[in-house]
Amino acid sequence: MATIQSVEASIKIADNWQQKGEPTWVSKCVSSALMGYLQIALTEHAIPASGIAWLASRGVAALLERHLDTLQTLAADVQAGKRPGSVIAGNYPPLVFAHFAWCLDQRELGDAFVTFARNPHVNDLNTRFWQEYARGLVAVVSGVPYHPAETGLRGEEKYWAAYLPLFEAVSNSQDPQTAVAEIERLFPIRNSDRKITDAHQIEGSAHGPVKWNFRLTGLLRRLQG
């Protein structure tokens, strides 16, 4: 379980790596701090408004922006052949941070994380599902029609798959309420599922339940903004 002390320690370590000119370790430490902030907001605050207000009071938007800048620096180094693609591999964290930024009404910042998640060095090393999730979110933020492709789901992906119909409805200017209702129906089921684990304790499981859904909250705030 993250504590504010552990989060602040991660930021201090990131600052030290920044001074040494090591963006790879800056990225790792800042990502850990952001996940910690989000975990605290989701597990210690009963409603979204309370958690979001607390996050805003901690200046988390600036930390998200710092992280994106570092990721983009790493991506440029990878593109130039200075670093291996593994330093930025994986689109799960940037997709989390997209929803996170939208919770804070940082629309452009969230959209930028979505774009980054489709970077080939990030996207191509993920499961087919997360590639599809990223493709759907890109359609939402860019205003182009999206229709889900069959990916084959593994484990807890069945819970995240409920977002694909929402992306489809929004990107095609259809009523999203049916898709939203399904996501809301599945949230308490996932939150009590003992067969899954949640390493960051931000999505919800029986081993680490959360009190509100940051993915749906962030996306709806973006759509309403």
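Among the elements that line the largest cavity, helix α11 gives the most, with 4 residues, where helices (H or I, at least four residues) are DSSP runs numbered from the N terminus. The structure is a predicted model, in which local features need pLDDT of at least 70 and side-chain atom pairs count only at pLDDT 80 or more, while totals for chains, interfaces and linings use all residues. Residues are numbered from 1 along each chain as its sequence is written, and side-chain values use heavy atoms, with hydrogens and water left out.

At least two residues of the cavity lining come from each of α9 (157–160), α11 (177–191) and α12 (214–224). A cavity is here a set of points, on a 1 Å grid over the protein atoms alone, where a 1.4 Å probe fits but cannot get out, whereas a pocket is an open set with protein on both sides within 12 Å along at least five of seven lines; lining residues have an atom within 4 Å of a point. Grid points are joined across faces, edges and corners, and a volume is the space filled by probe spheres set on the points. By this rule the count is 1 cavity of 30 Å³ or more, and the volume of the largest cavity is about 140 Å³. Its lining comprises 15 residues, of which Y163, F187, R190, E203 and N213 are the closest to the centre. By class, 11 of the lining residues are nonpolar, 1 is polar and 3 are charged, with Ala, Val, Leu, Ile, Met, Phe, Trp, Tyr, Cys and Pro counted as nonpolar, Asp, Glu, Lys and Arg as charged, and the others, Gly among them, as polar.

Within α12, the buried residues (under 20% relative accessible area, with exposed over 50% and partly exposed in between, for a 1.4 Å probe and protein chains only) are F214, R215, L216, T217, G218, L219 and R222.

The largest pocket holds about 230 Å³ of space, and of its 13 lining residues the closest to the centre are S27, S31, V87, A89 and P93. Helices α2 (23–44), α4 and α5 (92–103) each supply at least two residues of this lining, with α2 giving the most, 4 residues. The lining of the largest pocket has 6 nonpolar, 6 polar and 1 charged residues.

H67 is found in helix α4 (residues 60–79) and is buried, with a relative accessible area of 2%. When residues up to four places away in sequence are not counted, H67 touches S27, V30, S31, L34, F97 and F113, contact being defined by heavy atoms within 4.5 Å. Between H67 and R221, which are 154 residues apart in sequence, the C-alpha to C-alpha distance is 22 Å.

N119 lies in the loop between α6 (107–117) and α7 (120–123) and is likewise buried, at a relative accessible area of 18%; leaving aside neighbours within four places in sequence, N119 is in contact with A75 and I88. N16, in helix α1 (residues 4–19), is partly exposed, with a relative accessible area of 41%, and its C-alpha atom is separated by 8.3 Å from that of V26, 10 residues apart along the chain.

A search of the whole structure finds 0 disulfides, a disulfide being a pair of cysteine sulfur atoms within 2.5 Å. C29 counts as buried at 12% relative accessibility, and C103 counts as buried at 1%.
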